[in-house]
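Visitor: Please show me the chain, and then take my questions on its fold and on some of its residues.

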Amino acid sequence: MKPTALNNSEAQETYRQAELASFDGVAWSLNHLGWMQGSPEIVNFCSFHDDQLIGNTSTWRITDERSATENVFVIPEWQKKGVARNIICTALNYLQQQGKTIATLGTHGDNKKAIRLYTQIGYELCGSRFTVGYEID
């Protein structure tokens, strides 16, 4: 697996459809995806089976030493087969080759499957973000 460019509308739509399938119908808009792909700091790691995009993670530069890893997803038919672990480890190896010493990743606090995977790989809690909401009637 190697970095994947999502530099045309067909690749971005393929990505978006896989993301929709993986996140219960929630995905970045094509405008947002196109905006993110315009940054030289973003690197995508897509996993394919034949021509089908089955999973992804994206990384981007925060500082010279630190990079964020986000939008880890695997389409339902390929979950629990090691795809996410493989994608994340590939991204981490790439970041290490780029001289990064810290890779951060965030997830929802109730996403136990993701938290278990990330801690098995070696991620540790380095901070927390508290989000509050208010229901407006």
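Questions and answers on this chain follow.

Guide: This is a predicted model, in which local features need pLDDT of at least 70, side-chain atom pairs count only at pLDDT 80 or more, and totals for chains, interfaces and linings use all residues. Residues are numbered from 1 along each chain as its sequence is written, and side-chain values use heavy atoms, with hydrogens and water left out.

Visitor: What percentage of the residues in the chain is buried?

Guide: Buried means under 20% relative accessible area, exposed over 50%, and partly exposed in between (1.4 Å probe, protein chains only). Of the 137 residues in the chain, the buried part is 34%.

Visitor: Which residues of helix H2 are buried, and what does H2 pack against through them?

Guide: Helix H2 spans residues 30–37, and its buried residues are Leu 33, Met 36 and Gln 37. They cover an arc of only 100° around the axis (from the directions of the C-beta atoms), which puts them on the same side of H2. The face turned away from that side carries the exposed residues Asn 31 and Trp 35. The packing partners of the buried residues are helix H1 (9–22), strand E1 (42–49) and strand E2 (52–61).

Visitor: Is Thr 59 buried or exposed, and which residues is Thr 59 in contact with beyond its neighbours within four places in sequence?

Guide: Thr 59 lies in strand E2. Its relative accessible area is 1%, so Thr 59 is buried. Contact means heavy atoms within 4.5 Å. Leaving aside neighbours within four places in sequence, the residues in contact with Thr 59 are Glu 41, Ile 42, Val 43, Phe 45, Ser 67, Ala 68, Thr 69, Ala 91 and Leu 95.

Visitor: What is the phi of Asp 50, and what is the phi of Asn 71?

Guide: Most residues other than glycine have a negative phi. Asp 50 is placed in the loop between E1 and E2 and is exposed, with a relative accessible area of 67%. Asn 71 is placed in strand E3 and counts as buried at 11% relative accessibility. Neither residue is a glycine, yet phi is positive in each: near 55° for Asp 50 and about 55° for Asn 71.

Visitor: Where is Gly 82 found, and how is its accessibility classed?

Guide: Gly 82 is found in the loop between strand E3 (66–74) and helix H3 (83–97). Its relative accessibility is 41%, so the class of Gly 82 is partly exposed.

Visitor: How many Å separate Gly 122 and Pro 40, C-alpha to C-alpha?

Guide: Gly 122 is found in the segment after helix H4 (112–121) and counts as partly exposed, at 47% relative accessibility. Gly 122 and Pro 40 are 82 residues apart in sequence, and their separation in space, C-alpha to C-alpha, is 27 Å.

Definitions and conventions: Helices (H or I, at least four residues) and strands (E, at least two) are DSSP runs, numbered from the N terminus.
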